[in-house]
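Dear colleague,

Please find below the structure for your review. My notes on it follow directly after.

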Amino acid sequence: MTESHNTDFGGTAFNSRTAPLNYRVRWSAWDRYHVADEFVGLNEEMKAIREAAAILDMSPLTKLDVTGRDAAAFMNYLITRDVSNMEVGQIYFTPWCDHNGKVISDGMVFRIEENRFRITGDPSESWLNHVSEGYEISITDVTHERAILSLQGPNSTKVLEAATNEDWSKFKFSRVRIADIGGVEVEVARQGFTGERGYELCVATGDAVTMWDTVMSAGEPFGLQPAGYLAVDRARIEAGLIIPGPDYTNGGLSEDEVGAPIPVDEENQSSPFELRLGQFVDFDKGDFCGRDALLTEKESGGASKKMVGLLFDWRAIANAYLEQDIAPVVVPNTIWMPLPVIKDDKKIGRATSVTWGPTLQKLIGFGFLDKEHASLGETVSVEFDVNGKTIPVSAEIVALPFLELQRAK
């Protein structure tokens with residue numbers, strides 16, 4: 001069973017530092033916590049991520065420790081990747097599925113010790129408990145006990161080296177090790193959620209402020225600044241990275257941030273193959289949760305839908321506002337609710353995570369389309385709501401990640 005140490009904590013362990021810097025006084029609710037939307041402005045914070053360095057408060061991520069004699073065997077059954085050859089100090093990005101092959105969630109799995117793993121991602125305690133029967137393990141929610149600061153951007157290694165007085169140039173991707181930052185012990189993982197080189201710094205909540213102050217001081221010569229939730233969300237969309245909820249409905253026993261059941265939207269449940277995660281499914285390792293359903297899907301021709309990028313004609317949205325004599329508001333915030341995608345008067349899928357990409361200066365989003373209508377360069381129509389009126393907006397199908405379009409210029 002899961003041992004829970006969680007209630008409603010409001011601000012994260014970094015709140016005493018982030019709150020005074022949140023000049024716009026705007027916050028986003030993220031599971032059991034609140035994080036700053038913006039500090040000084042979205043565009044400036046995105047520029048720091050892409051051109052210098054930024055620190056992002058990722059503490060609300062659920063953190064579950066799986067320990068015990070059967071920890072490795074359980075993890076090998078839970079996730080789609082093979083942990084039998086996973087080294088201590090190694091990290092896997094992976095989905096985990098229900099028995100129908102639909103993705104429960106996706107996230108990072110750390111092998112901290114031989115029989116101790118940590119899962120970070122969306123809340124999925126109920127599912128782990130549901131499939132853990134017969135395994136001699138303990139599942140402990142340590143979300144409140146550990147804070148995470150993500151250090152991202154081209155200068156992130158320089159900042160980390162200044163904060164630790166160590167050389168990190170040869171530190172491999174998807175690895176984790178211990179470092180001293182400001183006299184406190186920190187788990188440093190070579191990871192990120194922005195498409196840039198970066199690190200995730202995990203620390204005991206009681207030492208969070210010390211780590212923040214040390215990193216901020218070390219990063220000053222390298223243009224380091226804090227970035228809020230809006231920048232994190234834009235950066236991950238530009239990098240082609242999905243999140244459960246907006247981009248797919250959790251399979252299995254869906255629950256909200258406090259563990260209460262929520263209605264299941266079966267139409268938007270997806271297999272790993274539909275989410276560009278097929279490379280993380282290892283059929284050779286033996287049985288795992290969802291294996292039979294996924295193998296049947298693969299052998300029958302693969303996923304029925306394909307995930308692509310969409311570039312929208314934002315002028316059509318602006319013109320629709322002008323026609324109603326309303327000041328244009330193209331997309332003030334990311335649209336997380338799925339939008340219908342139409343081709344030849346037929347619905348062929350959904351558009352998700354529609355937002356303005358500050359790096360590309362384009363309106364972008366993900367498309368999950370019937371694969372016969374998902375060819376690159378083709379045009380589809382997406383239905384937007386403009387002041388209560390549904391309008392069709394043209395969108396070009398492009399390859400992901402969107403950042404490659406910018407870097408190819």
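Which residue in strand 10 is the bridge partner of V66? The partner is I139. Please bear in mind that the model is predicted.

Strand 6 and strand 10 (residues 138–141) run antiparallel and are joined by 4 bridges. Strand 6 also pairs with strand 9, again in the antiparallel sense, over 6 bridges; there, L64 stands opposite I119.

Turning to the aromatic residues, the structure holds 13 aromatic pairs. One of them is formed by F74 and Y135, edge-to-face, at 5.4 Å centre to centre with 65° between the planes. This pair links distant parts of the chain, 61 residues apart: F74 belongs to helix 3, and Y135 to the loop between helix 4 and strand 10. F74 is buried at 0% relative accessibility, whereas Y135 is partly exposed at 26%.

F312 and F384 are likewise edge-to-face, since their ring centres are 5.6 Å apart and their planes lie at 85°. F312 is in strand 16 and F384 in strand 20, so the pair ties together parts 72 residues apart in sequence.

Finally, the charged end of R177 sits over the ring of W168, 3.7 Å from its centre, and R177 also lies over the face of F171, at 5.4 Å from the ring centre.

With kind regards

Definitions and conventions
Residues are numbered from 1 along each chain as its sequence is written. This is a predicted model: local features need pLDDT of at least 70, side-chain atom pairs count only at pLDDT 80 or more; totals for chains, interfaces and linings use all residues. Side-chain values use heavy atoms; hydrogens and water are left out. Two strands pair if DSSP finds at least two bridges between them. Helices (H or I, at least four residues) and strands (E, at least two) are DSSP runs, numbered from the N terminus. Rings of Phe, Tyr and Trp (its six-membered ring) pair if their centres lie within 6.5 Å; planes under 30 degrees apart count as stacked, over 60 as edge-to-face and the rest as tilted. Buried means under 20% relative accessible area, exposed over 50%, partly exposed in between (1.4 Å probe, protein chains only). A charge sits over a ring if NZ of Lys or CZ of Arg is within 6 Å of the ring centre and within 35 degrees of the ring normal.
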